[in-house]
Amino acid sequence: EYYSAPKIDPAVFLTASITNWQELNLMPGETNLFFEGAFLGKSTINPANAGDTLSISLGQDKSVIIKRKLIREYSEKKFLGNNKVDSRFYDITVRNNKNEKINLVLEDQFPISTDKEIQVDHGQYKDGKLNESTGKVTWNLTLNPKEEVLKQIGYKVKYPKERVLQLD
């Protein structure tokens with residue numbers, strides 16, 4: 001499974017999830033990782049810390065490209081009485097340059113307010129699943145070879161005009 005959180009890092013990471021790993025008689029220690037015939041590096045496996053599924057990171061895959069871009073024409077600052085309203089709108093483009101279909105978990109996040117004077121309006125996140133407590137939006141994508149998909153996320157933050165917020 002591929003994973004990316006382009007708000008933090010535009011890289012795409014591949015993770016292997018191994019079920020029924022208990023039948024493999026794995027011992028804790030260092031392992032060499034290979035994928036598609038190429039040596040990826042070394043990792044450590046500790047079966048004592050695994051649940052019913054053993055997850056192994058296989059590192060970054062540069063053949064899946066993600067770009068997160070602020071769309072200026074839909075992002076603005078406005079003054080409403082004693083408040084400012086900051087709007088942000090992002091396009092997230094995902095391209096599968098591989099010759100095979102992939103599954104990708106794409107995550108982004110809305111700002112979270114712990115101050116009642118600061119209000120966050122979750123605007124657009126079409127087809128995504130929102131976790132209200134964390135503000136995290138997740139898209140589970142299946143991309144065909146050479147396919148490109150556009151996802152969008154947008155929000156508004158209303159706060160007192162004397163306050164300074166860093167939203168990016």
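Is F110 buried or exposed, and what is its relative accessibility? In this predicted model F110 counts as buried, because its relative accessibility is 1%, where buried means under 20% relative accessible area, exposed means over 50% and partly exposed covers the values in between, all computed with a 1.4 Å probe on protein chains only. Since the model is predicted, local features need a pLDDT of at least 70 and side-chain atom pairs count only at pLDDT 80 or more, whereas totals for chains, interfaces and linings use all residues. Residues are numbered from 1 along each chain as its sequence is written, and side-chain values use heavy atoms, with hydrogens and water left out.

The structure holds three aromatic pairs, a pair being two rings of Phe, Tyr or Trp (for Trp, the six-membered ring) with centres within 6.5 Å, called stacked when the planes are under 30 degrees apart, edge-to-face when they are over 60 degrees apart, and tilted for the rest. The pair of F110 and Y125 is edge-to-face, because the ring centres are 5.6 Å apart and the planes stand at 75 degrees. F110 belongs to the loop between β9 (102-109) and β10 (119-124), while Y125 belongs to the loop between β10 and β11 (129-131), so the pair ties together parts that are 15 residues apart in sequence; the strands named here and below are DSSP runs (E, at least two residues), numbered from the N terminus. Y125 counts as partly exposed, because its relative accessibility is 25%. Together with Y155, F110 and Y125 form one aromatic cluster. An aromatic ring also takes part in another kind of arrangement, in which R68 lies over the face of Y90 at 3.7 Å from the ring centre; a charge is taken to sit over a ring if NZ of Lys or CZ of Arg is within 6 Å of the ring centre and within 35 degrees of the ring normal.

In soluble globular proteins, nonpolar side chains tend to be buried together. The largest nonpolar core of this model has 29 residues, of which V94, L104 and L106 touch the most other members; such a core is a set of buried Ala, Val, Leu, Ile, Met, Phe, Trp, Tyr and Cys residues joined through side-chain atoms within 4.5 Å. Among the elements that give two or more residues to this core are β2 (9-19), β8 (83-96), β9 and β12 (136-143), and β13 gives the most, with five residues. When neighbours within four places in sequence are left aside, L106 is in contact (heavy atoms within 4.5 Å) with residues including P6, I66, V94, W139 and K151.

Strand β9 is mostly covered, six of its eight residues being buried. Strand β1 (residues 2-5) pairs with β9 in the parallel sense over three bridges, where pairing requires that DSSP finds at least two bridges between two strands. L106 in β9 is the bridge partner of S4. The strands β9 and β12 run antiparallel and are joined by eight bridges, with I102 standing opposite L143 in β12.

Most residues other than glycine have a negative phi, and most peptide bonds are trans. N20, in the loop between β2 and β3 (29-35), has a positive phi near 55 degrees although N20 is a residue other than glycine, and N20 counts as partly exposed because its relative accessibility is 47%. K146, found in the loop between β12 and β13, likewise is not a glycine and has a positive phi of about 65 degrees; K146 is partly exposed, with a relative accessible area of 41%.

The structure also holds seven salt bridges, each defined as a side-chain nitrogen of Lys or Arg within 4 Å of a carboxyl oxygen of Asp or Glu. In one of them, K42 and E30 have their closest N and O atoms 3.7 Å apart, and the pair links strand β4 (residues 38-45), which holds K42, with strand β3, which holds E30, across 12 residues. K42 is exposed, with a relative accessible area of 52%, and E30 counts as exposed at 62% relative accessibility. In the salt bridge between K98 and D61 the closest N and O atoms are 3.2 Å apart, and both K98 and D61 are buried. The side chains of D115 and R163 meet in a salt bridge of 2.9 Å, N to O; D115 lies in the loop between β9 and β10 and R163 in the segment after β13, so the pair ties together parts that are 48 residues apart in sequence. D115, E117 and R163 are linked in a network of salt bridges.

Terms used: Helices (H or I, at least four residues) and strands (E, at least two) are DSSP runs, numbered from the N terminus.
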